[in-house]
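Please look over the model below before reading on. The points that follow take up a helix pair and then a sheet.

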Amino acid sequence: MKRKLIMAVGPLVVAVVMLLGVLFAPFNVLPVGKKQVADSATAISTNIMKGEKVYQTAMNEPQMVPFFGSSELSRFDPFHPSVLAEKYQRNYTPYLIGNAGSQSLTHFLAMEGMGESLKNKKAVFIISPQWFVKKGAPGMMFDSHFSPLQTFEFIKANDKDTPERRYAASRLLTYKSVKSDVKMVSALRSVEKGEALTRKERIYIKMKLRILEREDDLFGAFITNKNKQKVEKSVKRLPDAYNFEKLDTLAYQIGEKGSNNNPFEIKNGFYQTRIQPIQGDLKNSQTHFDYECSPEYSDFQLVLAKMKENNMDVRFVVTPVNHKWMEFTGLSPEMMAQFSKKINHQLKSQGFKVVDFSQDGSESYFMQDTIHIGWRGWLALDKELKPFLESKTKEPSSIKLNPYFLSKEWQDKKAIDIKK
């Protein structure tokens with residue numbers, strides 16, 4: 001009986017011991033190598049986004065430049081930043097961070113997970129007007145990107161009470177994915193109040209971080225990159241020498257040919273699958289859209305605070321909406337101009353640099369579809385970013401954060417009421 005019991009229970013005991021060994025080992029079980037870092041640069045993987053190991057390893061590589069954004073990053077064509085950098089052997093590699101539904105809170109937590117690997121880095125941050133809706137980041141979108149690991153990293157750094165930390169805790173507590181962990185909620189309430197964590201909270205966070213870090217160590221190292229082939233295919237369509245005027249002509253030709261089945265200059269495949277089947281229902285469907293008043297403005301301020309903390313040199317890019325599409329759906333150009341004024345004020349008044357394309361949506365083949373930049377838009381962006389990214393010098397910081405941008409008053413403020 002004893003022998004049978006040992007034979008039955010033994011493998012289970014060994015498995016548990018091995019699992020505990022992996023979870024609590026004082027070293028990385030599966031370290032991230034240079035090939036994995038290179039593959040992850042264009043992977044746009046939610047699995048990577050929820051972790052920290054791959055990000056930290058990548059950001060420690062000097063040539064890797066984080067490009068923060070959302071769904072536009074996955075719109076690969078011959079003029080996408082990753083393609084141009086690859087084709088013309090730039091001294092930097094765009095590292096794409098974000099996909100559909102990635103907004104300021106998600107990026108803020110991702111930056112928490114990256115820690116000091118962002119120190120003194122250059123970066124590009126692409127801002128979509130569509131983020132700035134009345135209630136901010138939708139629960140479903142935030143929850144799909146939510147990272148307990150990054151959130152516990154945020155909570156752990158509770159040695160300094162700041163307006164940004166209090167606001168971040170308050171916002172995180174509004175989401176379902178956060179509320180599912182009672183002890184996380186308790187710790188966030190302490191941060192929200194500016195109180196020190198209790199001994200039990202610190203022990204729990206330390207234990208959870210160890211487990212979550214090991215999960216990230218095991219599963220974050222497996223990188224599949226379907227986008228690599230898209231980049232390689234697009235590279236072949238470009239001429240050997242970089243010449244902006246010739247590339248712009250090529251972008252016009254490719255855009256014209258690729259959007260010839262509709263009156264909106266929208267990529268043919270996107271139009272056929274996403275627009276044409278419901279086109280009649282979309283006429284004047286966006287007359288009520290408003291991007292002027294949103295908690296997203298204060299969520300965005302959290303990102304700015306992290307960039308200031310890490311002494312980063314950043315270019316913020318404000319993207320437009322396809323003007324032909326705006327006319328069809330009734331999206332107000334006046335409202336879009338007011339959005340541009342408000343977001344520019346928030347950035348420039350604090351010392352940040354902006355590339356504002358918000359009024360360029362009427363340029364032919366600047367947009368790949370209704371709201372995503374592409375073709376000539378990517379090329380115009382490259383013209384703005386190329387000198388900045390190729391330069392090895394870092395501009396001296398002149399950032400002065402204003403906590404007013406965390407307030408409900410700012411979230412609801414109309415651009416017409418902004419005093420210069």
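**Notes on the helix pair and the sheet**

1. The axes of helix H8 (residues 148–156) and helix H11 (residues 182–193) come within 10 Å and cross at roughly 35 degrees. Helices here are DSSP runs of H or I of at least four residues, and strands are E runs of at least two, numbered from the N terminus. Axes are lines fitted to C-alpha atoms, for helices over the stretch in contact, with angles from 0 to 180 degrees between N-to-C directions.

2. This is a predicted model, in which local features need pLDDT of at least 70 and side-chain atom pairs count only at pLDDT 80 or more, while totals for chains, interfaces and linings use all residues. Residues are numbered from 1 along each chain as its sequence is written, and side-chain values use heavy atoms, leaving out hydrogens and water.

3. On the H8 side, the contact (heavy atoms within 4.5 Å) is made by Pro-148, Thr-151, Phe-152, Phe-154 and Ile-155. H11 contributes Met-184, Ala-187, Leu-188 and Val-191.

4. An open sheet has five strands in the order E2-E1-E3-E4-E5, with parallel pairing (two strands pair if DSSP finds at least two bridges between them). Its edge strands, E2 (93–97) and E5 (353–356), each pair on one side only. From one strand to the next, the twist averages 25 degrees.

5. Strand E3 (residues 122–127) runs parallel to strand E4 (residues 313–318), joined by six bridges. Phe-125 stands opposite Phe-316 in E4.

6. Helix H19 (residues 333–348) packs on the sheet and touches E3, E4 and E5. The direction of H19 makes about 160 degrees with that of E5.
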